Amino acid sequence: MKKIQRENIEQLIIDQLSGEITADDCELLERLISEDEEVKELYEEHKELFLGAKAALFLKQVDQDAAWEKISGNITPLVERKTTKTIHLKKWLVAASILLPIAIASILILRNYSSNEQPQLAQKNEKVKLLLATGESITLDQSAKNKTVSTNVAVLHNEQGALKYELKDQKHALNYNTLVVPRTKDYKIKLSDGTEVWLNSDSELKFPLEFETDKRVVYLKGEAFFKVAKNPKKPFIVKVNEKLDVQVLGTSFNVNSYSSSALKVALVEGSVKLNSNGTESLLKPGFMATYSPGSGFSQSTFDEQQVLSWMQGIYLFNNSDLNEINEIVQRWYDVKIEADPSLQDVSISGAIEKNKPLEQFLQNLTATSQLHYIVKENNIVLLKK
Amino acid sequence: MDDVLILEQLKADEALGFKNLFDKYYKQLCLQAFILLDNSEEAEDVVQTFFLKLWQEKQYHQIETSLKAYLKSAVRNACLNRIKQRKSFTEGSIEDASLLADENSDNVLENKELQNQIEKALSSLPDHCRKIFTMVALENKKYQEAADELGVSINTVKTQLKRAFSKMREQMIRFK
């Protein structure tokens, strides 16, 4: 093929692939393809490239998440619409706003009768800490003036109760660091892959500054909500108490491992695979798996608002016993609640708001349930009839 | 995720199975539809409608062959029906639309390595050049339409298009 001829043929091929070829040219091209092996090859090569590029351009603009929203939006029973749940909470808040003045009024009345002063509950002030693989320990004080801390391995940005970081030294990138959130505190961290983790009080997360190439593994103690950045090539694995692996590709879920006899994983969206010594359990959105060492996995539905309320600093409880309330109070206020044995069967519904003083909750409790409380020491409260 | 597992979940009418199916096959089926219909919006529309019907009418209970084979042939049929519904439908349009969808197209599209190289070649194009190529290849714009839209001459469109092909071919040869 001469150069000039070849250029002309290329133009014909491009015109053909672009749908711009005239009938005469099309005939000519077809004849050339059938007669000349070299032209045929040239045509195939262009076509393969055109098709491949077309496919790549197309796939790039396909928005799979948007498509899923559209499809699942048309199938109501498949994924419960989130709006109904928010309305639920709103209703609850409305009810609370009506009930609260009544509660406050009754507290005021009750207070007038109990004039004896009680000892004050102490405010503990342990700080959130980051223990780096290098041995450095960084205090992430939320009131500190300096929001950016430079360590040997990374630059840490600590703002509004959340941590972001940039790697400085590749050497320690894959080593594990520990974020320790003590009682009374909570904290949020954004990992290198974009995954966000909200940690509840009395919880720990072990994570590397950068993940390995084939998977993303973190270790959790306590409770956390994960919003995992999507990456189908790199599964995200949460290891809990060395017994349980939670494996996901990109999704939102809550892991509660406060009680080692009942590990709970609640899935908000996406899909999750749980693995314990080879036993697997698949979870669908709206369901919560409970794992206990003796009996394995069980699944049930869960109330998103109730399970995730801790992230808003609210703990909603429904017919809970005092043990459960004691656990929450210890975690959030570092105060122990001792209950008179006669109160074993008492069940309580209501809410604890973390950013309000514990006294407020105790007063609401006593005002509505005929219980009394006494501050025994600065970190122990006794509940009586 | 494994097809056998997905199918099992589906046959138990589990919503998770449907989600897993969608996650695994949505893009793949869209691409297949796109190659047949040569129209990106229609392609997604056909596949979304197919997924909806599959779930709502519980069509997955009829799947007896392999999952993948079932999906591919179902989407293919849906595409052919769509072509027949087109206003300008003439006997030739199926052939026209599937100009690219011959037996070779599967080879190109399922060869991951080749697809990766093509993607890289695409990204090596200068922005302007890629823009024109995209308008013609993906959006099916006529030379004149692309020229008008960009405020350039039809010759510029042709030259840039040629450049896109030769640059990408250069890149591909380097990969080989």
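Student: Which residue forms a salt bridge with A:D65?
Tutor: In this predicted model, A:D65 pairs with A:K230, the closest N and O atoms being 3.1 Å apart. A salt bridge here is a side-chain nitrogen of Lys or Arg within 4 Å of a carboxyl oxygen of Asp or Glu.
Student: Where do A:D65 and A:K230 sit in the chain?
Tutor: They link distant parts of it, 165 residues apart: A:D65 is in helix α4 of chain A, and A:K230 is in the loop between β11 (223-227) and β12 (236-240) of chain A. Helices (H or I, at least four residues) and strands (E, at least two) are DSSP runs, numbered from the N terminus.
Student: Is A:D65 buried or partly exposed?
Tutor: A:D65 is partly exposed, with a relative accessible area of 44%, and A:K230 is partly exposed at 48%. Buried means under 20% relative accessible area, exposed over 50%, and partly exposed in between, with a 1.4 Å probe and protein chains only.
Student: What conventions apply to the numbering and the values?
Tutor: Residues are numbered from 1 along each chain as its sequence is written, and chains are lettered from A and ligands numbered from 1 in the order in which they are written. As this is a predicted model, local features need pLDDT of at least 70 and side-chain atom pairs count only at pLDDT 80 or more, while totals for chains, interfaces and linings use all residues; side-chain values use heavy atoms, with hydrogens and water left out.
Student: Now chain B. Which residue does B:K24 meet in a salt bridge?
Tutor: B:K24 pairs with B:D3, with 2.8 Å between the closest N and O atoms. B:K24 lies in helix α2 (residues 15-37) of chain B and B:D3 in helix α1 (residues 3-11) of chain B, so the pair ties together parts that are 21 residues apart in sequence. B:D3 is buried, with a relative accessible area of 19%, whereas B:K24 counts as partly exposed at 33%.
Student: How many helices and strands does chain B have?
Tutor: Chain B has ten helices and zero strands. Of its 176 residues, 47% count as buried.
Student: And which residues of α4(B) are buried?
Tutor: Among them are B:L67, B:Y70, B:L71, B:A74 and B:R82.
Student: On to the interface. How many residues of each chain are in contact?
Tutor: 44 residues of chain A are in contact (heavy atoms within 4.5 Å) with 54 residues of chain B. The two chains bury about 4800 Å² between them, 70% of it on carbon and sulfur atoms. Buried area is the accessible area (1.4 Å probe) that two parts lose on being put together, summed over both.
Student: How many salt bridges cross the interface of chain A and chain B?
Tutor: The rule finds three. A:K54 forms a salt bridge with B:D38, the closest N and O atoms being 2.6 Å apart.
Student: Which elements of chain A give two or more residues to the side that touches chain B?
Tutor: They are α1 (3-18), α3 (37-61), α4 (64-73) and β17 (279-283) of chain A. The largest share, 18 residues, comes from α3(A).
Student: Which residues are linked with B:R169 in a network of salt bridges?
Tutor: A:R6, A:E10 and A:E45 are linked with B:R169 in that network.
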